[in-house]
Amino acid sequence: MMSRFLHEPTAAAGAYSELRGRVTALLTGSGSDRAGAVVPHCPAWTVKGVLSHMVGVPEDFISGNMEGVTTEAWTQRQVDRHTEDSIDDLLGIWRALDNQLDAMVPNVPNPIVSQLVFDQVTHEHDIRHAIGEPGGRDSAAIAVAEGFMRFVLSRHPDPAVAALSETPVSGFDFVRCLGGRRSADQVGTAGLDVDAVR
């Protein structure tokens with residue numbers, strides 16, 4: 001499924017590959033303090049827990065373990081199965097999937113592949129916020145995530161919500177506001193309709 005908002009699957013796949021590289025560079029060698037830091041936007045999870053989910057999604061995708069996909073139970077199983085792994089263990093598992101992911105992800109249709117990038121880049125920035133390491137705000141993954149969100153909004157039955165797909169607010173701010181990572185005050189300051197965003 002294509003729309004003027006969605007990026008081509010090959011572009012989304014490239015953005016995802018770059019994201020894996022950024023997160024790997026960000027977290028390689030992380031000690032227990034960083035691994036155990038609570039992620040404010042996912043308060044039930046630590047940095048290691050969020051990374052477990054980020055690694056668990058492609059693991060489940062490759063293995064076909066999609067029962068309950070996108071539910072809290074599905075994502076929690078990803079976290080639980082990596083309880084004993086360190087950050088570097090998790091990054092090694094992710095790296096070992098590179099060849100399979102690089103072959104498979106470009107063939108995932110839209111909007112699914114764009115949704116994957118949206119989920120993963122959202123969590124990249126959840127981690128960055130938790131550890132005080134901003135960066136990657138102008139990435140290809142942010143552009144893909146923005147396109148996915150605009151696509152979803154454009155199809156909403158509420159005209160006020162659908163109108164958000166055409167807002168001039170863009171990029172990182174758009175993704176974080178529409179991804180539920182900003183307070184009502186922050187959403188308003190960004191120039192978005194607070195009631196529609198809710």
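Where is Thr70 found? Thr70 sits in the loop between helix H3 (47–63) and helix H4 (72–80), where helices (H or I, at least four residues) and strands (E, at least two) are DSSP runs, numbered from the N terminus. The structure is a predicted model, in which local features need pLDDT of at least 70 and side-chain atom pairs count only at pLDDT 80 or more, whereas totals for chains, interfaces and linings use all residues. Residues are numbered from 1 along each chain as its sequence is written, and side-chain values use heavy atoms, with hydrogens and water left out.

The chain holds twelve helices and two strands, and from the N terminus on its elements follow the order α-α-β-β-α-α-α-α-α-α-α-α-α-α. Its radius of gyration is 17 Å, close to the 16 Å that the globule rule gives for 198 residues, so the chain is as compact as a globular protein of that length; the radius is taken over C-alpha atoms, and the rule is 2.2 Å times the number of residues to the power 0.38. Along its principal axes, the C-alpha trace spans about 45 × 35 × 30 Å.

Of the 198 residues in the chain, 46% are buried, where buried means under 20% relative accessible area, exposed means over 50%, and partly exposed lies in between (1.4 Å probe, protein chains only). The accessible surface of the chain comes to about 9400 Å², and 53% of that surface belongs to carbon and sulfur atoms; the areas come from the Shrake-Rupley method with a 1.4 Å probe, and for residues only the protein chains shown count as cover. With contact meaning heavy atoms within 4.5 Å, 68% of the contacts between residues at least 6 apart in sequence join residues at least 24 apart. The chain carries 16 positive and 26 negative charges, whose mean positions are 2 Å apart; Lys and Arg count as positive and Asp and Glu as negative, while His and the chain ends are not counted, and the place of a charge is taken as NZ of Lys, CZ of Arg, CG of Asp or CD of Glu.

Thr70, although not a glycine, has a positive phi of about 75°, and Thr70 is exposed, with a relative accessible area of 62%. The peptide bond from Asn110 to Pro111, in turn, is cis, with omega near 5°, and Pro111 belongs to the loop between helix H6 (98–104) and helix H7 (112–131).

Returning to H4, one finds Thr75 within this helix, and at 13% relative accessibility Thr75 counts as buried. Its side chain reaches the backbone oxygen of Glu72 at 3.0 Å; not counting residues up to four places away in sequence, Thr75 touches Trp45 and His53.

The loop between H4 and helix H5 (87–96) contains Arg81, which is partly exposed, with a relative accessible area of 36%. The C-alpha atoms of Arg81 and His53 are separated by 9.9 Å, with the two residues 28 apart along the chain. Beyond four places in sequence, Arg81 touches Gly56, Glu59, Asp60 and Asn65, and a polar contact of 2.8 Å joins the side chains of Arg81 and Asp60. Such a contact is a pair of N or O atoms within 3.5 Å; within protein, one must be able to donate a hydrogen and the other to accept it, and residues adjacent in sequence count only if both atoms are side-chain atoms.

Another arginine, Arg150, lies in helix H8 (residues 140–154) and, at 9% relative accessibility, counts as buried. The side chain of Arg150 makes a polar contact of 2.9 Å with the side chain of Glu146, and the side chain of Arg150 also reaches the backbone oxygen of Ser165 at 2.7 Å. Not counting residues up to four places away in sequence, Arg150 touches several residues, including Phe5, Leu164, Thr167 and Phe174.

Thr167 itself is placed in the loop between helix H9 (159–162) and helix H10 (171–178) and is buried, with a relative accessible area of 13%. A polar atom of the Thr167 side chain lies 3.3 Å from the backbone nitrogen of Val169, while beyond four places in sequence Thr167 touches Arg150, Phe174 and Leu192.
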